[in-house]
Amino acid sequence: METVFTYVATCLFGLEKPLGAEIDALGLRRLFTMDGRVAFSGTAADCARANINIRCAERVYILVGSFPAPTFDALYEGTKALEWESFIGRDDAFPVKGHSIKSALTSIPDCQRIIKKAAADRLGGRYGLLRMPETGVKYQIEFFIFKNEAHLMLDTSGVALHKRGYRPAANAAPLRETLAAALVMNARLRDDVLLWDPFCGSGTIAIEGVMLMTNRAPGLFRSFAGEKFAALPQKLWDDARDEAEAAVRDTDFRARGSDIDPDAITTARANARRAGVSKYIDFFTADATKIQKPDCRGTLICNPPYGERMLSMRDAEILYRAMGTTFRAMEPWQVYVLTSCEYFEKLYGRRADAVRKLYNGMIPCYLYQFFRKQSKDRV
Ligand SMILES: C[S@@+](CC[C@H](N)C(=O)[O-])C[C@H]1O[C@@H](n2cnc3c(N)ncnc32)[C@H](O)[C@@H]1O
């Protein structure tokens with residue numbers, strides 16, 4: 001019978017729900033959800049499919065084992081009891097990193113040292129070696145200790161999954177590709193509805209929107225650490241890539257990206273070219289507070305400057321007021337604005353139909369969603 005692994009996909013806080021939906025859409029069985037992670041079960045082939053296709057995940061790990069670890073002794077014994085030799089060969093390297101939350105073991109360097117020693121003792125015993133050479137394939141061990149329960153995993157992604165490969169160059173405050181993907185998934189885009197990001201910067205939202213609508217897998221053009229794992233044969237990755245490539249579709253969907261900074265537009269165009277989606281996106285220079293609604297249906301999705309990294313708070317407030325005037329005149333277009341400003345609705349002049357808390361990296365943000373026809377409820 002085919003081996004079934006337990007996988008853990010990690011994500012930015014707030015993206016657990018869209019990540020879970022993506023796991024479901026791949027036909028995989030969800031096991032549990034925690035802050036920033038969703039566990040699921042699947043075959044070795046499913047690891048390749050998850051890495052290549054999931055838009056919201058940061059990494060996909062194999063869960064090697066979980067056990068109570070209230071003390072360093074328990075951490076050592078629990079780690080040593082796991083079957084590391086099922087994955088890691090006699091020459092392979094196995095660096096350790098991780099973190100601990102709400103647990104008795106708080107020293108990360110000590111946890112790292114103990115896990116490393118326990119795994120090395122286990123593998124050395126199995127392979128009859130006093131010292132593991134660690135000259136072969138890299139198996140990154142990641143530990144996560146939460147409420148005194150240790151979860152030990154192997155990273156199958158390597159470079160984080162938000163790095164699709166199309167954005168070597170980004171502007172000053174780029175949006176994580178995984179978060180941009182979640183924004184476009186949330187907006188329920190349609191082929192006959194124009195997507196416009198009027199603060200496009202390096203173009204991430206428009207590019208992720210087209211990738212979604214053309215069914216382009218985000219991992220189609222990059223490699224993964226797991227491709228070198230003995231337990232995950234290369235053929236599985238090649239098959240998953242072929243499957244993803246065959247699923248790409250052409251569409252009438254179109255997007256616009258505009259920005260006040262001409263250099264950002266140059267960067268965005270280059271990124272779209274690398275992503276293979278140029279023909280779907282019109283990038284141009286424009287002041288977002290002066291745009292006008294074209295004669296079609298549309299959706300605006302943007303993350304304007306926050307008044308932290310790019311603008312002073314006062315300038316951001318002036319901008320948000322001007323956005324209110326311009327964007328509200330574009331109704332019935334739907335509008336989605338991601339910003340860290342807690343009182344954005346007041347400046348914008350309309351109460352959002354829904355607000356969702358998300359994290360852009362470490363910055364807590366709010367996604368203000370305006371999708372109902374405007375009533376007179378100014379705030
Ligand atoms: C937070 S960044 C957007 C990042 C973008 N989502 C990305 O992934 O690269 C904000 C962008 O707004 C642009 N900007 C600032 N004021 C603007 C305005 N009045 N009209 C249009 N763009 C503006 C900046 O040039 C910057 O590129």
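**View 1. Two domains, one chain.** Domain bounds here come from an automatic or database domain assignment. In this predicted model, that gives us domain 1, covering 5–155, and domain 2, made up of 177–218 + 249–370. How far apart do the C-alpha centres of domain 1 and domain 2 lie? They sit 35 Å from each other. Where the two domains touch, domain 1 brings 13 residues and domain 2 brings 15 residues.

**View 2. Helix H3 against helix H4.** Now let's look at a helix pair. A pair like this is described by the angle between the axes and the distance between them. Helix H3 spans residues 72–80 and helix H4 spans residues 108–127; their axes are 8 Å apart, at an angle of about 35 degrees. The crossing of H3 past H4 is right-handed.

**View 3. Side by side in the H3 and H4 contact.** Which residues of H3 meet H4? They are Phe 72, Leu 75, Tyr 76, Thr 79 and Lys 80. On the H4 side, the partners include Cys 111, Ile 114, Ile 115, Ala 118 and Arg 122. Sorted by class, the contact of H3 with H4 counts eight nonpolar residues, five charged ones and one polar one.

View 4. Strand S9 (residues 255–259) pairs with strand S10 (residues 281–285) in the parallel sense, over five bridges. To get from S9 to S10, the chain goes through helix H8 (residues 262–275), making a right-handed β-α-β crossover. Pick out Ser 258 and you'll find Phe 284 of S10 opposite.

Key: Residues are numbered from 1 along each chain as its sequence is written. This is a predicted model: local features need pLDDT of at least 70, side-chain atom pairs count only at pLDDT 80 or more; totals for chains, interfaces and linings use all residues. Side-chain values use heavy atoms; hydrogens and water are left out. Two strands pair if DSSP finds at least two bridges between them. Helices (H or I, at least four residues) and strands (E, at least two) are DSSP runs, numbered from the N terminus. A crossover is right-handed if, with the strands pointing away from the viewer, the path from the first strand over the helix to the second runs clockwise. Axes are lines fitted to C-alpha atoms, for helices over the stretch in contact, and angles run from 0 to 180 degrees between N-to-C directions. A crossing is left-handed if the near helix is turned anticlockwise from the far one by less than a right angle, and right-handed if clockwise. Contact means heavy atoms within 4.5 Å. Ala, Val, Leu, Ile, Met, Phe, Trp, Tyr, Cys and Pro count as nonpolar, Asp, Glu, Lys and Arg as charged, and the others, Gly among them, as polar.
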